[in-house]
Every structure is written in C-alpha cells, then in structure tokens.
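Please keep the sequence and the view of the fold at hand while reading.

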Amino acid sequence: IRMGHRNFGLIKGVKSFESSKQRSESFFEALKEHRLEVDSNLVKRGDYLPQSGNKLMRQILSSGQVPTCVFCENDDMAVGAINACVELGYRVPEDVSFIGYDDMSYSQYLTPPLTTVRKPTSQIIKKGVASLMDILEVDGDAKITQEVIDPEIIVRSSVLNRNAD
C-alpha cells in the first residue's frame, strides 16, 4: 500500500493453521485501514507448497483481473506464484509484485529477490525455552503468559514502487 498498490491478490495458507488465520486477518485489516477491498476472485487457498502457489496464481491470472501485488502467506507459495507469472509472460515486479512470508534463506537469492515478512524465530524459540524452564523449575505452577513478537518487513525488489511513476 505504501508503494502505491491498490489492487491486491492473496494466496492463503492451510485453513487449519493458526499462522494462516492470523496472516489472512492482518492482510484484510491492512486493506480495511486504507479503505481498500480485494476481489474474491483474487483470493485463493493454498497448502504452503510451491505447486499450490503456481496453480493458484494461474487461476488468479486467468480470472481476467490481474492484481498489481499478490501477498502469499509463505515464501514457498510465492516462489510457485512467481514461476507461474514468468511462465505465462508476466514480468515481476513490473506487471505483478509479490510479498511472501517467513524470509526463508533462499528468498534473497530469487530473481527478483523476494520482499517478505520475517518472523523472529530465534527470539520466539529463546522466549519459549525460557518459559518452559520457568514452568519446570516451579513444578508446573509458573504463570503461563502469551506475548506478541512483531514480525519485520524485509523490503527487496519483488515489489514495484508504483508511486515512482
């Protein structure tokens, strides 16, 4: 949105996964905050694998409505979706921009390098282990807490700045 995109697509992850639910909710909340909507034909449900990203991106492109930016709920589906665009003659990011999620180690080496959301995995693991140790040290009577650790957007070149036109 900050880079001038107003026409979005979404490739969701596995319905039963909490991570997918939260990623979808955040996507729609961001659009709502900016008074934007997404056409239901541009929202598809994948399975976090590259093959589903490819198949679903083909469906989105064949809908007759090509979004300027597609958010994929993980980097693997983004890889498949980008591949579908390249195979069908679309340029990334000029025709369709992409944002993934997870900041997998390969994401920076894609062509173009993938803009993605980095989850702070090591920080989550450290805090989880510390909480588990607290529980074990006080015979299971430790207070269980929930903490939200914000992800970080990693801007690379898979998103075209449409404001620069």
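Sorted by class, the residues lining the largest pocket of this predicted model comprise 19 nonpolar, 11 polar and 10 charged residues. The pocket itself has a volume of about 1500 Å³, and its lining counts 40 residues.

**The largest pocket**

- Of the 40 lining residues, those nearest the centre of the pocket are Arg-23, Ser-26, Tyr-101, Val-117 and Pro-151.
- Helix 1, which spans 18–33, provides the largest share of the lining, namely 10 residues.
- At least two lining residues each come from helix 1 (18–33), strand 3 (69–72), strand 4 (97–101), strand 5 (115–118), helix 4 (121–137) and strand 6 (152–154).

**Salt bridges around Asp-102**

- Across the whole structure, a search returns 8 salt bridges, and among them is the pair of Arg-23 and Asp-102, whose closest N and O atoms are 3.1 Å apart.
- Because Arg-23 belongs to helix 1 while Asp-102 sits in the loop between strand 4 and strand 5, this pair ties together parts of the chain that are 79 residues apart in sequence.
- Both Arg-23 and Asp-102 are buried; for Asp-102 the relative accessible area is 15%, which lies under the 20% limit for a buried residue.
- Asp-102 also takes part in a salt bridge with Lys-119, where the closest N and O atoms are 3.4 Å apart.
- This second pair links distant parts of the chain, with Lys-119 in the loop between strand 5 and helix 4 and Asp-102 in the loop between strand 4 and strand 5, 17 residues apart.

**Salt bridges around Arg-118 and Glu-152**

- A further salt bridge is formed by the side chains of Glu-152 and Arg-118, at a distance of 3.6 Å from N to O.
- Here too the pair links distant parts of the chain, since Glu-152 is found in strand 6 and Arg-118 in strand 5, 34 residues apart.
- Both partners count as partly exposed, Glu-152 because its relative accessibility is 43% and Arg-118 because its relative accessible area is 33%.
- Through salt bridges that share partners, Arg-118 and Glu-152 are joined with Asp-103 and Arg-156 into one network.

**A nonpolar surface patch**

- Ile-125, Val-129, Leu-132, Met-133 and Leu-136 together make a nonpolar surface patch of about 480 Å².
- Leu-132, one of the residues of this patch, lies in helix 4, an element that also supplies at least two residues of the pocket lining.
- With a relative accessibility of 47%, Leu-132 counts as partly exposed, because that class covers values between the 20% limit for buried and the 50% limit for exposed residues.

**Val-70 and Val-159**

- Val-70 lies in strand 3, and because its relative accessible area is 0%, this residue counts as buried.
- Although Val-70 and Val-159 are 89 residues apart in sequence, their C-alpha atoms are 9.4 Å apart in space.

Methods. Residues are numbered from 1 along each chain as its sequence is written. This is a predicted model: local features need pLDDT of at least 70, side-chain atom pairs count only at pLDDT 80 or more; totals for chains, interfaces and linings use all residues. Side-chain values use heavy atoms; hydrogens and water are left out. On a 1 Å grid over the protein atoms alone, a cavity is a set of points where a 1.4 Å probe fits but cannot get out, and a pocket is an open set with protein on both sides within 12 Å along at least five of seven lines; lining residues have an atom within 4 Å of a point. Grid points are joined across faces, edges and corners, and a volume is the space filled by probe spheres set on the points. Helices (H or I, at least four residues) and strands (E, at least two) are DSSP runs, numbered from the N terminus. Ala, Val, Leu, Ile, Met, Phe, Trp, Tyr, Cys and Pro count as nonpolar, Asp, Glu, Lys and Arg as charged, and the others, Gly among them, as polar. Patches are made of residues with over 30% relative accessible area and no salt bridge: like charges are joined within 9 Å, nonpolar side chains (Val, Leu, Ile, Met, Phe, Trp, Tyr) within 5 Å. Accessible areas come from the Shrake-Rupley method with a 1.4 Å probe; for residues, only the protein chains shown count as cover. A salt bridge is a side-chain nitrogen of Lys or Arg within 4 Å of a carboxyl oxygen of Asp or Glu. Buried means under 20% relative accessible area, exposed over 50%, partly exposed in between (1.4 Å probe, protein chains only).
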